[in-house]
Amino acid sequence: MTRTITRSRMTRAALVIGAAAALAVAGCASKSTDNGSGGANAGPLSIKPLVQIDSQGKEVPKTDTSTAANPAGDGKATCDPNLALAYAGALTGPNAALGINIDDGAKLAVDEHNKANPGCQVTLKPFDTEGDPQKATQIVPKLLDDQSVIGLVGPAFSGETKATGQQLSDAGMPSLTSSATNATLTKNGWKTFFRGLANDGLQGPAVARYLVNTAGYKKICVVQDNSDYGTGLAQAVAQGLGPAADASCAISIKAGDRDFSATVSKLSSAKPDAIFYGGYYSEAAPLVQQLRSAGVKAAFVSGDGSNDPQFLKQAGDSAKDALLSCPCGPAPDTFETAYKALNGQESGVYSVEAYDLATVMLKGIDAGKKTRAEMVDWVRNYDGQGLARHYKWDSTGELANALIWMYQVK
């Protein structure tokens, strides 16, 4: 995903005008069968960063990443042979693009490490869960049985993380997620779980306050899917919106649905200023298409689950002017160039976070950590700058400080 940073503040008027200008398309296109993450440009549209915000929805400057950790290190590392890191998450399935972004980000860190350190060659092993919690419970034991794996980037989605977190903790596997944002995940007593970005308990209120205080929306309908991620984020947004959240048009849909005629009818009748959708792009795309086809001009807002080039590809022109939040940061130019050279496509949401988290563990390996227990201790005491943010975790596995980005489809 090409993300050229823009620092201009979006005014209320610009948001309202942009939302009203969203183009309608006739009918509901079927979901794309292309599971690759693709590039950020879907036709003339792309996802552009607008502003980084704090928990109050107020703009904060972008962090200086000039001192970010480099997975290459000093090039002098030596380590035991056959050491490996793993990725666990979707590589196929309806939301595979999000998982591919993560796998490819971690792959870049490992590639840069191995090229610079001939005496320490680390393998990255992918484990495809399809993003399905039930399938993840069958895949994770295979990952744990592989004794070469001493650290995990993942699981990717909140539902599969919830389903496998205890397994991973019991096995002593350090689990660093770049994308699972459900706020309750760090309340399960797991000893090896570390979240590499803000959770929905922070994202939801921050986005809500931005929509009310900066965009100036007075009436917002909140729609959610039935996933752990979508439910948690939507509830956090609704609570943060306060009186601006219209309970009469709060709607729940099912993941996998494609016909949203009843939902569109209800939203159209409510005549909101904005609609927030908590869920993934595979449902967000047909939802916004059907809204625009029905003439609903309310601003369409969603979270990180929709912040992917696949949303643009599947929604087409209906995605224009959509606001997308994410606890993920824009990709620096040097990272983007290297990512595209290795993976043959532009980076996407969570790619930078996955790169950073893989780098944290690669630095542990370079420091002589060769067991899962040693890696857990390394991560627990880590304190360093990455490309996306500063990484230092509290006792529950949450970051000591995390912020949110707002993006817009233009």
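Mentor: A salt bridge is a side-chain nitrogen of Lys or Arg within 4 Å of a carboxyl oxygen of Asp or Glu. The structure above is a predicted model.

Trainee: How far apart are the closest N and O atoms of Asp 321 and Lys 320?

Mentor: Side chains of opposite charge can pair when their charged atoms come close. The cut-off for a salt bridge is 4 Å. Asp 321 and Lys 320 form such a bridge, and their closest N and O atoms are separated by 3.4 Å.

Trainee: Is Lys 320 buried, partly exposed or exposed?

Mentor: Buried means under 20% relative accessible area and exposed means over 50%, with partly exposed in between. Asp 321 has 11% relative accessibility and therefore counts as buried. Lys 320 has 27%, so its class is partly exposed.

Trainee: How many residues apart are Arg 195 and Glu 398?

Mentor: Arg 195 and Glu 398 are joined by a salt bridge whose closest N and O atoms are 2.9 Å apart. Arg 195 belongs to strand 6, while Glu 398 lies in the loop between strand 13 and strand 14. Both Arg 195 and Glu 398 are buried. The pair links distant parts of the chain, and the separation is 203 residues.

Trainee: Which parts of the chain hold Asp 246 and Lys 219?

Mentor: The side chains of Asp 246 and Lys 219 meet in a salt bridge, at 3.3 Å from N to O. The two residues are 27 apart in sequence, so the pair ties together two parts: for Asp 246 the loop between helix 6 and strand 8, and for Lys 219 the loop between helix 5 and strand 7.

Trainee: Is Asp 246 buried or exposed?

Mentor: The cut-off for a buried residue is under 20% relative accessible area. Lys 219, at 28% relative accessibility, counts as partly exposed. Asp 246 is at 18%, so the answer for this residue is buried.

Trainee: Which helices give two or more residues to the lining of the largest pocket?

Mentor: The largest pocket holds about 430 Å³ of space. Its lining has 20 residues, and those nearest the centre are Gly 131, Asp 132, Pro 133, Ser 227 and Ala 255. The elements that give two or more residues to this lining are helix 3, helix 4, helix 6 and helix 8.

Definitions and conventions: Residues numbered from 1 in each chain as written. Predicted model: local features only at pLDDT ≥ 70, side-chain atom pairs only at ≥ 80, totals over all residues. Heavy atoms only, no water. 1 Å grid on protein atoms, 1.4 Å probe; cavity = no way out; pocket = protein on both sides within 12 Å on 5 of 7 lines; lining within 4 Å. Points joined across faces, edges and corners; volume = space filled by probe spheres on them. Helix = DSSP H or I, 4+ residues; strand = E, 2+ residues; numbered from the N terminus. Buried < 20%, exposed > 50% of the residue type's maximum accessible area, 1.4 Å probe, protein only.
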